[in-house]
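The notes follow in the order in which I made them.

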Amino acid sequence: MTSANEQDNQIDFSTVLAAAVHDMKNSLNLLVQSVEHIASSLPDDMQETKQQIVDLHYEASRMNTGLVQILSLYRANRNSLPVLIDQSFVNDLIDDIISANQLYASQKHIDIEVDCCEDLAWYLDADLVYLLVNDVLINALRYGTSRIKVSALQDDENLVIRVEDDGKGYPDFMLVKDDAKPSDFNVTQGRTGLGLYFAHLIASAHVRNGKHGKISLSNGGSLGGSVFEVKIP
């Protein structure tokens, strides 16, 4: 039988792992910033080197996003995922996300169009929504060809943020309707399943008048490729 002292001395592995993930996330964030500085300081005649640096920046950003998702899911499992609702200007939020990915977009010659009223404001957790839309944009940059459109509007009692690209679209197994349940997301599909579950978690954490936020994935839209949509009540 385990004594009380022995129990106190036992290591909670999940807590240690969460702390390690948090530390790795911070280190990767510093790496991403350093890569951005190096890329901006390279002369124009070093395009091949710059492309390699930009690819490194992209992969480091994806890793950082993955670590943030794991940490957030851990906190959600512990019922300690902080959701801090406050009024935010949606256009400013979108601009911040695009600025963080402009290096990769420019190197791939992908044009990002924004369709959002400057005065559109909504009550939401800006940090969580940033993580959600940023991850979607990173994927759009990877699979898009030359154009991405990010739009936001008020539809009835919801804020709708939509990310579209001109790529080949989502495969059938990834298509998600806005009435999807948590069990519909298979996290064993790697980052794809984890990312979708994370997006669903963030959306559904936004609740107003008994209504939860939702996500949906479809194909077509104005650019003919993938269409990701999140609705926040």
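I searched for salt bridges, taken as a side-chain nitrogen of Lys or Arg within 4 Å of a carboxyl oxygen of Asp or Glu. By this rule I count three salt bridges. The model is a predicted one, in which local features need pLDDT of at least 70 and side-chain atom pairs count only at pLDDT 80 or more, while totals for chains, interfaces and linings use all residues. Residues are numbered from 1 along each chain as its sequence is written, and side-chain values use heavy atoms, with hydrogens and water left out.

**Entry 1: Glu-113 and Arg-147.** I find a salt bridge between Glu-113 and Arg-147, with the closest N and O atoms 3.6 Å apart. Glu-113 belongs to strand 2 (residues 111-115) and Arg-147 to strand 4 (residues 147-155), so the pair ties together parts that are 34 residues apart in sequence. I take strands as DSSP runs of E with at least two residues, and helices as runs of H or I with at least four, numbered from the N terminus. For accessibility I call a residue buried under 20% relative accessible area, exposed over 50%, and partly exposed in between (1.4 Å probe, protein chains only). Glu-113 is partly exposed at 31%, and Arg-147 is also partly exposed, at 39%.

**Entry 2: Glu-157 and Lys-211.** I note a salt bridge between the side chains of Glu-157 and Lys-211, at 4.0 Å from N to O. This pair links distant parts of the chain, 54 residues apart: Glu-157 is in the loop between strand 4 and strand 5 (158-165), and Lys-211 is in strand 7 (residues 211-212). Glu-157 has a relative accessible area of 42% and is partly exposed; Lys-211, at 49%, is partly exposed as well.

**Entry 3: Glu-229 and Arg-162.** I record a salt bridge between the side chains of Glu-229 and Arg-162, 2.7 Å from N to O. Glu-229 in strand 9 (residues 225-232) and Arg-162 in strand 5 are 67 residues apart, and the pair links distant parts of the chain. Is Glu-229 buried or exposed? At 15% relative accessibility, Glu-229 counts as buried, whereas Arg-162 is partly exposed at 23%.

**Entry 4: surroundings of Glu-229.** I then listed the contacts (heavy atoms within 4.5 Å). Apart from neighbours within four places in sequence, Glu-229 touches Val-160, Ile-161, Arg-162, Lys-214, Ile-215 and Ser-216.
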